[in-house]
Amino acid sequence: MINKMRELDRSRVNALHSVADRWKALPKWQRSLAFVAFVVFLYYLPLLGIPGLTWLRTDSISGGSNWAGVLFTCAVYVLVAIGLNVVIGLAGLLDLGYIGFFAIGAYAVALFGSVNSPVVQYFQREFDLPPTWAVTWAICAFIALVMALISGVILGWPTLRLRGDYLAIVTLGFGEIIRIVARNMEGVTRGPQGIAAIPGPEGPPSSDNQIFGLIDIKPWYWLAITVVLLMVFAVRRLEHSRVGRSWLAIREDEDAAAVMGVYPFKFKLWAFAIGAALGGFAGFLFASRYAFIDPTQFNVNLSILFVAMVVVGGSGNMVGVSVGAVLLAYLPERFREIADYRWLAFGLAMVLVMILRPQGLIPSRRRARELKDRAAEAEEAPAHV
Amino acid sequence: MSDETNTPAAAPKIPAQPGPAKTLLEVDNVTLRFGGVVALNEVKFEIKEGEILGLIGPNGAGKTTCFNVMTGVYKPTSGSVRFRGERVTGRKPHQISRLGISRTFQNIRLFPEMSALENVMVGTDSRHKTSVPGALFRLRRVRPKPEELPEVTASGGLVRTWQQVRRSFAKTFGLSRHILEERAAEDKAMELLRFVGIADRANDAARNLPYGYQRRLEIARALGTEPKLLCLDEPAAGFNPAEKEDLLGLIRRIRDMGVTVLLIEHDMRLVMGVTDRIVVLEFGSKIADGLPEAVSRDPRVIAAYLGEPADAA
Amino acid sequence: MLLELDNVSVSYGRIEALHGISLTVNEGEVVALIGANGAGKTTTMRAISGTRALSGGRITFNGEDISKLRADLRVVRGLCQSPEGRQIFPGMTVLENLDMGAYTRRDHAGIAADLERVLEMFPRLRERRKQAGGTLSGGEQQMLAVGRALMSRPKLLLLDEPSMGLAPMIIQQIFDIIVEINQQGTTVLLVEQNAQQALSRAHRAYVLETGRIVKEGTGQELLHDPSIKEAYLGVA
């Protein structure tokens with residue numbers, strides 16, 4: 001039976017590859033047009049009403065979740081997957097504590113943006129500020145990004161000298177430490193009580209908010225998908241540069257890379273910091289949208305889920321990890337029947353993927369970039385010295 | 001040349017090559033111990049600029065270890081390595097690579113999933129500067145040379161206008177350093193693939209290349225770092241005589257490019273055919289150092305390594 | 001006839017690497033397989049040892065069709081390959097590596113005697129017997145790989161480029177050893193770049209070019225064949 005499934009899987013991947021080939025063979029303007037159409041579709045998704053596709057909506061089943069809300073979660077997870085993919089897929093560093101950065105981003109906006117937070121209250125007392133004062137949302141975004149980045153560097157500096165399993169263990173510990181600190185430092189984080197009244201783009205949650213409210217989630221999704229698109233663009237730029245090549249080289253043979261002039265520590269630290277910043281920003285979006293966070297939301301399970309998104313989707317390939325993230329966020333919402341067995345289903349899916357396709361559902365096909373003219377040029381060159 | 005006095009007494013006294021060849025690399029009394037094992041014992045030799053130096057010796061004599069000390073993979077227990085007068089010992093491998101020492105590996109160590117071209121580009125990257133901010137924001141502008149400006153190819157219409165706008169934009173504001181470096185890296189890498197004769201498979205993943213191509217790709221990648229000194233660790237292992245003959249020509253052409261070559265090789269026919277001078281190691285110590293003909297007749301070398309005089313083999 | 005390849009083909013994906021090759025190895029022989037890089041020598045070895053599946057043809061060993069047999073079971077039948085590329089166990093000591101070679105054997109006295117013999121052949125290995133395999137130099141690892149293959153006392157020993165990366169003196173010794181173990185009753189199939197040595201020691205030899213056998217004969221015949229001389233011996 002496994003053989004039959006392998007056979008099926010192989011034909012599926014071949015089909016994927018031929019689609020990819022055809023895609024690459026299209027003229028550039030057609031590709032850009034298709035890409036624009038896809039982006040438009042992404043923005044249209046929360047309004048989805050095309051007959052024949054409405055069954056995709058999670059509110060098409062009784063008691064289903066808010067459709068835009070699910071889309072928002074998907075977008076945040078995709079952001080996480082893209083960030084984690086830089087660390088695991090590109091630089092080859094197994095980070096099991098990614099939730100830590102997500103939590104740091106979330107707590108950054110909570111601690112500095114909410115009137116509820118002890119930190120803000122401290123500032124109010126010290127500097128005689130009005131009780132409604134808090135750091136504005138946009139500045140919180142910046143703080144979240146920088147805090148996550150710095151924590152990535154602080155964690156990476158001593159640990160990136162470790163290799164493989166050791167790094168995984170240390171990062172796993174890091175994720176737990178952040179959660180436990182958040183629970184125990186009640187004077188700063190209000191511990192298990194959590195922090196409410198986390199602001200959105202229009203300030204603290206209130207019924208006056210016109211766009212980013214708690215009822216209509218669509219604007220939140222549009223905000224998140226915009227961030228995702230920007231980050232995809234940024235990570236693509238890195239992938240196709242000297243930096244991306246250095247990451248790949250380190251992943252494949254660190255010692256050989258060093259002898260070829262790549263400083264592994266520097267590029268590993270960059271990967272870690274960029275991944276951390278993306279994870280932190282995802283956490284920031286998550287906290288702003290729900291307006292309330294507490295430490296239980298950042299447990300190890302979620303960290304493992306993040307790694308699962310990358311591994312199932314296809315480590316190293318941005319399309320792959322995004323699909324992995326969407327699948328793992330969307331399927332339990334749409335198919336409520338399996339929601340109770342969610343972890344069992346994940347477990348089974350993971351085992352199946354590992355047996356059939358250890359590279360992930362949409363594996364990264366390391367293909368030379370568009371160098372057709374160069375290949376033609378090469379044919380004229382003599383084959384032998 | 002003045003250091004020749006320090007060779008062990010039994011080694012033949014070979015007159016140094018005529019001409020004022022400068023010393024490129026100096027291995028100065030390097031000792032390396034792993035636990036109780038002495039891998040290198042007070043090894044001392046130098047490499048002159050522009051020569052092809054052979055490094056031979058029985059298996060386990062310390063030849064590859066010597067490479068590892070020179071390229072910063074191992075740190076010697078005592079002694080030092082100097083490259084163009086600068087102390088190399090204690091520097092990290094990537095720093096040494098930037099100073100101008102590059103190498104290939106005995107058991108091929110390419111980046112298997114990357115294409116041949118990308119493998120070489122990792123090498124050429126070491127001469128470039130773009131890092132994360134440069135690749136992300138591309139703010140660093142460089143004034144391009146005329147041939148580097150975007151071309152206007154369309155004959156008319158909107159496309160042509162767009163291309164003209166791009167060209168004049170690049171003229172006024174320059175191009176990002178990232179883009180220029182990418183192009184330079186690609187061109188250089190392609191040139192090197194052509195130089196070693198494997199350009200026809202530039203886009204294939206290194207792991208899918210035939211064995212002989214992989215060996216050549218290692219050389220191209222090492223040349224990508226623009227070395228002054230190239231260390232080749234058994235580049236002809238597993239080659240048949242015809243392939244070895246090709247390699248011999250390649251090594252000579254590398255030297256003619258102005259790169260000094262240090263060669264570890266067991267095939268004496270190849271070593272005798274291409275090297276200007278030979279250093280022989282045994283049990284981590286230097287036992288001979290001199291011109292190929294003299295070394296191949298040295299009784300100690302014959303006893304330790306050749307088994308019979310090389311020209312009879 | 002100990003080993004027979006009948007019209008064997010092997011493909012990597014869509015590319016066929018061996019186009020139906022047939023060869024035989026008789027009991028007590030040393031047979032050499034020579035050819036340029038990429039001719040298919042290693043693929044042939046892999047097909048015989050079972051690490052590469054056939055796409056056509058059949059392999060008979062000792063009268064039994066082993067075309068579909070798992071690689072480890074072929075070892076039990078008495079077919080042992082010294083792996084190309086020095087695949088030794090880097091974390092195990094030299095002695096442990098050699099012991100792994102005798103994994104399928106039960107005769108403790110014989111194992112001890114063979115261990116002694118291997119250490120006799122390679123004094124370097126005796127010196128380093130307590131050292132981890134990974135800390136040996138490339139050439140020493142090659143000696144270890146050959147030594148480990150000898151430890152399994154196979155009926156048929158497959159050697160993939162045993163002389164690769166070895167110093168001239170050791171190359172002589174390796175070929176002496178091959179002849180010696182052959183005289184003691186082990187049949188040997190040998191892939192070599194060092195055609196000079198291989199042909200002068202082998203009873204018979206096959207020449208492989210781009211996945212096909214283009215020539216066969218006794219070692220001496222091929223050694224004096226002008227076309228072979230030019231292509232593989234490097235003598236004009």
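1. The model is predicted: local features need pLDDT of at least 70, side-chain atom pairs count only at pLDDT 80 or more, and totals for chains, interfaces and linings use all residues. Residues are numbered from 1 along each chain as its sequence is written, with chains lettered from A and ligands numbered from 1 in the order in which they are written.

2. Chain A has 17 helices and zero strands (DSSP runs numbered from the N terminus: H or I of at least four residues for helices, E of at least two for strands). The radius of gyration of chain A, 22 Å, is close to the 21 Å of the globule rule for 385 residues, so chain A is as compact as a globular protein of that length (taken over C-alpha atoms; the rule is 2.2 Å times the number of residues to the power 0.38).

3. In chain C, four strands form an open sheet in the order 2-1-4-5, with antiparallel pairing (a pair needs at least two DSSP bridges). Strand 2 (15–25) and strand 5 (64–65) of chain C are at the edges with a single partner strand each, so one side of each lacks a neighbour in the sheet. Seven bridges join strand 1 (residues 3–12) of chain C to strand 2 of chain C; S11(C) has E16(C) as its bridge partner.

4. The contact between chains C and B takes 27 residues from chain C and 25 residues from chain B (C-beta atoms, placed from the backbone, within 7 Å). Helix 7 of chain C gives the most to the chain C side, with four residues.

Notes: Contact = placed C-beta atoms within 7 Å.
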